[in-house]
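The following exercises concern a single protein chain. Please work through each task with the sequence and the coordinates at hand before reading the solution.

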Amino acid sequence: MDVLYRNALWIALAMSVVTIGMVFIAQYGFDLYPCVLCIYQRWPYAAIIALVVLWFFLRQMVSEVIVRLLVAASFATTAGIAAYHVGVEQGWWEGTAECAADTSAGLSLDQLREQLMTAPIVKCNEIAWELFGISMAGYNFIFAAAMTIFMLLSVRYLVREAK
């Protein structure tokens with residue numbers, strides 16, 4: 001485990017890149033268009049990529065412990081959004097107003113018609129894909145929660161090694 005904990009930021013970076021790659025393949029390769037909650041789940045992965053890449057260039061200026069904690073918080077954020085999304089999919093609670101079709105005010109009739117004709121309508125409570133009864137949001141929750149725990153354990157390892 002020492003090797004994994006020592007390389008936790010590399011692992012977080014790789015897993016985030018792979019995850020973003022997989023969602024784009026699902027979207028553009030298999031026409032599994034995302035709802036708004038799916039889009040929100042992507043942003044923390046982008047933040048992790050940016051944080052880790054920046055840290056590699058600015059190692060001397062920023063504590064690795066702080067970066068690992070920020071990465072853990074980002075994984076926890078996407079896990080939280082995913083958990084909320086699973087609840088919407090299962091009908092445990094209502095989704096946000098954005099989960100319904102977009103009826104933006106201020107659009108002309110022609111603009112609204114164009115928007116409706118070109119954009120796929122994806123509702124947050126409709127499961128586009130699942131495996132073994134678990135949706136993509138469910139798998140994202142499991143993965144991101146595990147990565148949160150891993151990053152927090154790597155912080156503990158780093159702090160103990162520094163003593």
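**Exercise 1. The salt bridge**

Which residue forms a salt bridge with E64, and how far apart are the closest N and O atoms?

Solution. The model is a predicted one.
- Step 1. The partner of E64 is R68, and the closest N and O atoms are 2.7 Å apart. The cut-off for a salt bridge is 4 Å, so the pair qualifies.
- Step 2. Both residues belong to helix α4 (residues 64–90), and because they are four residues apart, about one helical turn separates them. An α-helix has 3.6 residues a turn, so residues three or four places apart point the same way.
- Step 3. E64 is partly exposed at a relative accessible area of 23%, whereas R68 is buried at 0%.

**Exercise 2. The geometry of α4**

Solution. 
- Step 1. Helix α4 comprises 27 residues. From first C-alpha to last it reaches 39 Å, close to the 39 Å expected at 1.5 Å a residue.
- Step 2. At the start of α4, the backbone nitrogen of V65 has a side-chain oxygen of S63 within 3.2 Å.
- Step 3. Just after α4 comes G91, which takes a positive phi of about 80°.

**Exercise 3. A nonpolar surface patch**

Solution. 
- Step 1. The patch covers about 780 Å² of surface and is made by V53, L54, F57, L58, M61, V62, I66 and L70.
- Step 2. At least two of its residues come from each of α3 and α4. The largest share, three residues, is that of α3.
- Step 3. L54 lies in α3. Its relative accessible area is 52%; the class "exposed" requires over 50%, so L54 is exposed.

**Exercise 4. The surroundings of I49**

Which residues does I49 touch, leaving aside those up to four places away in sequence?

Solution. 
- Step 1. I49 is part of helix α3, which spans residues 36–57.
- Step 2. The residues touched are L13, S16, V17 and I20.
- Step 3. The C-alpha atom of I49 is separated by 9.4 Å from that of M15, although the two residues are 34 residues apart along the chain.
- Step 4. With a relative accessible area of 23%, I49 counts as partly exposed.

**Exercise 5. A strand residue**

Is S135 buried or exposed?

Solution. 
- Step 1. S135 is located in strand β2, residues 134–135.
- Step 2. The relative accessibility of S135 is 4%. Buried means under 20%, so S135 is buried.
- Step 3. Not counting residues up to four places away in sequence, S135 touches V86, E89, I127, W129 and E130.

**Exercise 6. The chain as a whole**

Describe the secondary structure of the chain, its contacts and its surface.

Solution. 
- Step 1. The chain holds six helices and two strands, which follow the pattern α-α-α-α-α-β-β-α along the sequence.
- Step 2. Among contacts with a separation of 6 or more, 76% join residues 24 or more positions apart.
- Step 3. Of the 163 residues, 31% count as buried.
- Step 4. The accessible surface comes to about 10,100 Å², and carbon and sulfur atoms account for 68% of that surface.

Note on methods
Residues are numbered from 1 along each chain as its sequence is written. This is a predicted model: local features need pLDDT of at least 70, side-chain atom pairs count only at pLDDT 80 or more; totals for chains, interfaces and linings use all residues. Side-chain values use heavy atoms; hydrogens and water are left out. Buried means under 20% relative accessible area, exposed over 50%, partly exposed in between (1.4 Å probe, protein chains only). Contact means heavy atoms within 4.5 Å. A salt bridge is a side-chain nitrogen of Lys or Arg within 4 Å of a carboxyl oxygen of Asp or Glu. The expected span of a helix is 1.5 Å times one less than its number of residues. A polar contact is a pair of N or O atoms within 3.5 Å; within protein, one must be able to donate a hydrogen and the other to accept it, and residues adjacent in sequence count only if both atoms are side-chain atoms. Patches are made of residues with over 30% relative accessible area and no salt bridge: like charges are joined within 9 Å, nonpolar side chains (Val, Leu, Ile, Met, Phe, Trp, Tyr) within 5 Å. Accessible areas come from the Shrake-Rupley method with a 1.4 Å probe; for residues, only the protein chains shown count as cover.
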